[in-house]
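My entries follow in the order in which I looked things up.

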Amino acid sequence: MNSNWTPYLKQEGSTATGHLLTFKNHHSPELDNHRDITVCLPPRYETHPDRRYPVLYMHDGQNLFDDLSSYSGEWQVDESLERLAQEGLEIIVVGIPNLAGQRDNEYNFHKHSVRGGGKAPLYIQYLANTLKPLIDQDFRTLSDRDHTGLMGSSMGGLISLYGFFSRPDVFALAGVLSPAFWLTEGEYVPWLSNVIHHPGRIYMDVGDQETAEIPWIQEAYVKDAHYTEKRLRELGYREELQFQLFEGAIHHESEWAKRFPLAVKHLYKQ
């Protein structure tokens, strides 16, 4: 394993559990920036040295494992992976943090009139061409597309679906939670109309109270999710696509933490 991987530093008050490793200041030549990557290994990774594992690449990595690093609460991914392992489902999760001031730029393929954007192709190239080869080199992965997924919420949901269709040679699984399609200012409609079917599995959901305090955005979340489901069905995704509308669900990590196991079980066929 690359010597740059070090045990995750659990400070006082940390909620992180499990086998976590960190690669500090990983460089992206595509984006010309650096970020700390965190990997969560399956509970039996060390005791089963001949086994290889599927991989899930997750955006907003600082919100996945530890309340201390999160800006809005954590997904409790590490705790969920422990429980899923007891059910026989074990995967490697790679947490890719967003960078201050760059989240809108990197997660949106459209350059928003106010919030920026347009760097999604470069971000997906970073994951596919630079980060994934490192993960496959340093860990016992099932590196083929059928065992490689993307997952995120809000704009992380947007970039996950975008990556699924833009790099089908690499990613065959997409977890699209509470997708913020509205931030493309309508551009995702012609984009989605031009994508073609690629074999794979998609989990998508939305809450009916995502941003209830802003009615037009709330309406957009639900309407756009339903439109996307319809388009994906037209493309031929049947049992490969799971879509759910959650009553009372708000736009928050606590909700996505509840839905994370459901999404993983669908994507990895359990």
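I took axes as lines fitted to C-alpha atoms, for helices over the stretch in contact, with angles running from 0 to 180 degrees between N-to-C directions. I took helices (H or I, at least four residues) and strands (E, at least two) as DSSP runs, numbered from the N terminus. This is a predicted model, in which local features need pLDDT of at least 70 and side-chain atom pairs count only at pLDDT 80 or more, while totals for chains, interfaces and linings use all residues. Residues are numbered from 1 along each chain as its sequence is written, and side-chain values use heavy atoms, without hydrogens and water.

**Two helices.** I found that helix H1 (residues 77–86) packs against helix H7 (residues 253–267) at about 45°, the axes being 10 Å apart. H1 and H7 are therefore oblique to each other, since angles under 35 degrees count as roughly parallel, over 145 as roughly antiparallel, 65 to 115 as roughly perpendicular and the rest as oblique. Where they meet (contact means heavy atoms within 4.5 Å), I noted Val77, Ser80, Leu81 and Leu84 in H1 against Ala257, Phe260, Pro261, Val264 and Lys265 in H7.

**The sheet.** I traced an open sheet of nine strands with mixed pairing, in the order S1-S2-S3-S5-S4-S8-S9-S10-S11; two strands pair if DSSP finds at least two bridges between them. Its edge strands are S1 (5–7) and S11 (241–246), each pairing on one side only. Strand S10 (residues 201–207) runs parallel to S11 and is joined to S11 by six bridges, and Val206 has Leu245 in S11 as its bridge partner. H7 also packs on this sheet, touching S4, S8, S9, S10 and S11, and its direction makes about 155° with that of S10.
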